[in-house]
Amino acid sequence: MAFFKAVLFMSLGVLFHAAYSVAEWRYYSRKTDQDTESIPWDIIIQTLAGFLLAMIAVLNIAGEFKEIRATVELSQKSWEDVRNRPSFYLFNHRAMALSPDYVPPSPSASGMGRSHLTKIPDKYLS
Amino acid sequence: MNVQEGRELLRSWREDNVRRSMDVVDLWDSLLSQDPEALGDEKWMVLEQVAVAAMDVQRRDVVERCLKRLKAEFDLDSIRVRRLYGMRHEMMGDWESALKLYDTILEEDSANSSARKRKIAIHRAKGERPQAIGELSRYLNDFLCDTEAWMELCDLYLEERDYAKAAYCCEELILHNPNNHIYFQRYAEIKYTQGGMDNIEMAKTYYAKTLSLNPDNIRALYGILLASFQLASSNKMPAPKKQEFMKMVMWSSKQIQKRYQTKNAPIDPSRFIQAFVSQPPNGQSGASS
């Protein structure tokens with residue numbers, strides 16, 4: 001990473017230098033009234049080399065590429081995660097009974113009186 | 001694990017839509033509760049996530065702490081905080097107060113989808129399934145693109161054993177994301193449950209599509225095996241088609257055995273599958289029931 005950052009810095013320097021060279025060349029060619037229209041070869045090569053180096057450096061700095069096929073990423077997903085719906089959560093499920101604040105429903109509410117859970121009500125005894 | 005790692009773990013769970021409420025609360029207890037300020041900009045998101053997770057496992061102390069912190073920052077003017085307080089009422093089983101709070105949100109912002117969804121969830125929690133279905137259908141008229149709601153409606157119809165309508169919801173989900181193998185698998189399962197030769201043949205096709213989207217989906221392979229076997233053992237099926245389905249049975253059973261061998265599974269299913277395949281296809285095995 002540090003290496004490619006250095007390469008990027010260098011290539012930007014190269015590109016800047018190429019741009020400056022063109023400006024300078026234009027200045028002199030105008031002053032001397034030369035007819036040569038095309039930019040000198042060395043500057044073109046320098047520009048292309050700087051561009052290529054910068055491209056390689058940026059591609060390496062940007063990080064991992066993502067898979068282009070949508071199915072590859074989706075096939076990692078499990079049914080549990082896909083069917084999870086946070087906006088429809090219900091809270092009255094079995095985790096309630098595992099919480100430290102849980103108060104079991106009072107026995108009187110279940111129609112068994114204050115007796116033990118396993119006791120059979122009198123009406124079912126002969 | 002330090003705070004940084006804990007924060008990243010919570011973020012990945014948030015983004016991948018993982019429930020794991022017990023783990024979230026454990027992480028909060030052991031790591032983040034000492035100094036929530038260390039979380040930086042993500043603090044409020046984490047507090048909301050932890051609060052919902054704590055409601056899910058009924059840890060009232062954690063819920064109170066998170067909500068107090070959020071209320072101190074954003075006040076009850078914030079719709080998001082008010083919704084969290086409504087959910088806290090739901091956790092306590094106090095449906096009336098929760099509904100009142102959601103109504104104040106809807107008065108302020110009638111297009112607030114999350115408050116409407118919570119009202120539907122309350123119907124479901126109270127066991128009023130027909131009302132929940134009615135409300136949800138009306139909601140889906142307004143918000144057609146809500147996949148979560150389509151999934152919820154699909155599940156509600158399944159609870160009502162209305163397979164045709166559940167299948168319709170699943171079709172809607174497939175249209176929203178035609179690359180997700182899980183929707184295809186779900187659709188195939190609904191069709192298979194619905195029964196009848198046409199539906200089972202349809203189920204087989206959709207299981208095959210699931211498999212082409214995700215070759216590791218073992219459930220789809222078993223689905224192909226079961227559906228083709230049923231089709232092959234049907235009396236109405238013409239002989240050449242039967243042969244074709246028997247070929248599918250052989251192929252899928254071989255594929256399943258191959259998967260188990262490469263994954264070093266502790267169980268070897270080949271014995272069961274062999275017994276299954278060696279049954280006479282149009283015998284009195286009762287497989288077509």
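## Annotated regions of chain B

In an unreviewed entry, UniProt lists residues 83–191 of chain B as "domain: EMC2 TPR-like". In this predicted model, that span is 82% helix and 0% strand, and its end C-alpha atoms lie 37 Å apart. UniProt also places the feature "repeat: TPR", again from an unreviewed entry, at residues 147–180 of chain B. Residues 147–180 of chain B are 79% helix and 0% strand, with end C-alpha atoms 12 Å apart.

A separate domain assignment divides chain B into domain 1 (1–9 + 17–74) and domain 2 (184–263). The C-alpha centres of domain 1 and domain 2 of chain B are 44 Å apart. Another distance along chain B concerns B:P215 and B:Q49: these residues are 166 residues apart along the chain, and their C-alpha atoms are separated by 34 Å. B:P215 sits in the loop between α12 (197–213) and α13 (218–232) of chain B. With a relative accessibility of 48%, B:P215 is partly exposed.

## Chain A: overall make-up

Chain A contains four helices and zero strands, in the order α-α-α-α along the sequence. Chain A has 126 residues, and 17% of them count as buried. Its accessible surface is about 10,200 Å², with 64% belonging to carbon and sulfur atoms. Of the contacts in chain A between residues at least 6 apart in sequence, 66% join residues at least 24 apart.

## The annotated transmembrane region and a nonpolar patch

The UniProt annotation "transmembrane region", from an unreviewed entry, covers residues 39–59 of chain A. Over residues 39–59, chain A is 90% helix and 0% strand, and the end C-alpha atoms are 29 Å apart.

A nonpolar surface patch is formed by A:F51, A:L52, A:M55, A:I56, A:L59 and A:F65, with about 640 Å² of accessible area together. One of these residues, A:L59, belongs to helix α2 (residues 41–61) of chain A. A:L59 is partly exposed, at 48% relative accessibility.

## A contact point between the chains

A:T71 lies in helix α3 (residues 70–74) of chain A. Apart from neighbours within four places in sequence, A:T71 is in contact with B:N179 and B:L213. A:T71 counts as buried because its relative accessibility is 18%, under the 20% cut-off.

## Positive phi in two loops of chain B

Most residues other than glycine have a negative phi. B:N17 is not a glycine, yet its phi is positive, at about 65°. B:N17 is in the loop between α1 (3–16) and α2 (21–32) of chain B, and is partly exposed with a relative accessible area of 23%.

B:Q58 likewise has a positive phi, at about 60°, although it is not a glycine. The residue is found in the loop between α3 (43–56) and α4 (60–74) of chain B. Is B:Q58 buried or exposed? B:Q58 is buried, at 2% relative accessibility.

## Salt bridges

Side chains of opposite charge can pair when their charged atoms come close. Over all chains, a search of the whole structure finds 31 salt bridges. One of them joins the side chains of B:E37 and B:K43, at 2.6 Å from N to O. B:E37 is partly exposed, with 41% relative accessibility, whereas B:K43 is buried, with a relative accessible area of 9%.

B:R80 and B:E48 also meet through their side chains in a salt bridge, at 2.8 Å from N to O. B:R80 lies in helix α5 (residues 79–92) of chain B and B:E48 in helix α3 of chain B, so the pair ties together parts that are 32 residues apart in sequence. B:R80 is partly exposed, at 48% relative accessibility, while B:E48 is buried, with a relative accessible area of 16%.

The side chains of B:D61 and B:R59 form a further salt bridge, at 3.2 Å from N to O. B:D61 is partly exposed, with a relative accessible area of 46%, and B:R59 is buried, with 17%. Elsewhere, salt bridges with shared partners join A:R83, A:R85, B:R124, B:R129, B:E152, B:D155, B:E159, B:E160 and B:R186 into one network.

Key: Residues numbered from 1 in each chain as written. Chains lettered and ligands numbered in written order. Predicted model: local features only at pLDDT ≥ 70, side-chain atom pairs only at ≥ 80, totals over all residues. Heavy atoms only, no water. UniProt positions renumbered as here; feature names shortened; annotations may be inferred. Buried < 20%, exposed > 50% of the residue type's maximum accessible area, 1.4 Å probe, protein only. Contact = heavy atoms within 4.5 Å. Areas by Shrake-Rupley, 256 points an atom, 1.4 Å probe, with all protein chains shown as cover. Patch = residues over 30% accessible without salt bridge, like charges linked within 9 Å, V, L, I, M, F, W, Y side chains within 5 Å. Salt bridge = Lys/Arg side-chain N within 4 Å of Asp/Glu carboxyl O. Domains from an automatic or database assignment.
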